[in-house]
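Please look over the sequence and the model shown here before reading the notes that follow.

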Amino acid sequence: MQHWWVNQNQTYEQEIAGDYLWSPKTNSNGRRNRFYDAMTEAAPGDVVFSFCDAHILAVGVVSDRCDTAPK
């Protein structure tokens, strides 16, 4: 089991309401980002701390492996 810290200032409401985590695959300049790549490493049973507006607003447990999906 691993622990993950997710900064969700822009997408928190949508992600919590939809019961998912989302991140882009690349930065605005088209380059890969280690933090975005880490989303693919989350596994069922891992704990996720959701950080938004300078607070941990939610703690969740990963239920499934990642999928590619549009924002």
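I56 lies in strand β3, which covers residues 55-61; helices (H or I, at least four residues) and strands (E, at least two) are DSSP runs, numbered from the N terminus. This is a predicted model, in which local features need pLDDT of at least 70 and side-chain atom pairs count only at pLDDT 80 or more, while totals for chains, interfaces and linings use all residues. Residues are numbered from 1 along each chain as its sequence is written, and side-chain values use heavy atoms, with hydrogens and water left out.

**The nonpolar patch**

- I56 counts as partly exposed because its relative accessibility is 43%, where buried means under 20% relative accessible area, exposed means over 50%, and partly exposed is in between (1.4 Å probe, protein chains only).
- Together with W5 and V59, I56 makes a nonpolar surface patch of about 320 Å².
- Patches are made of residues with over 30% relative accessible area and no salt bridge, with like charges joined within 9 Å and nonpolar side chains (Val, Leu, Ile, Met, Phe, Trp, Tyr) within 5 Å; a salt bridge is a side-chain nitrogen of Lys or Arg within 4 Å of a carboxyl oxygen of Asp or Glu.
- Accessible areas come from the Shrake-Rupley method with a 1.4 Å probe, and for residues only the protein chains shown count as cover.

**The aromatic pair**

- A search of the whole structure finds 1 aromatic pair, formed by W5 and F51, which is tilted, at 5.0 Å centre to centre and with 35° between the planes.
- This pair links distant parts of the chain, since W5 is in strand β1 (residues 3-7) and F51 is in strand β2 (residues 47-52), 46 residues apart.
- Rings of Phe, Tyr and Trp (its six-membered ring) pair if their centres lie within 6.5 Å, and planes under 30 degrees apart count as stacked, over 60 as edge-to-face and the rest as tilted.
- W5 is partly exposed at 49% relative accessibility, and F51 is partly exposed as well, with a relative accessible area of 22%.

**The loop between α1 and α2**

- N33 is found in the loop between α1 (12-18) and α2 (34-37), and N33 counts as buried because its relative accessible area is 17%.
- Not counting residues up to four places away in sequence, N33 touches K25 and N27, where contact means heavy atoms within 4.5 Å.
- L21 is also found in the loop between α1 and α2, and L21 is partly exposed, with a relative accessible area of 33%.
- L21 and V48 are 27 residues apart in sequence and 9.6 Å apart in space, C-alpha to C-alpha.
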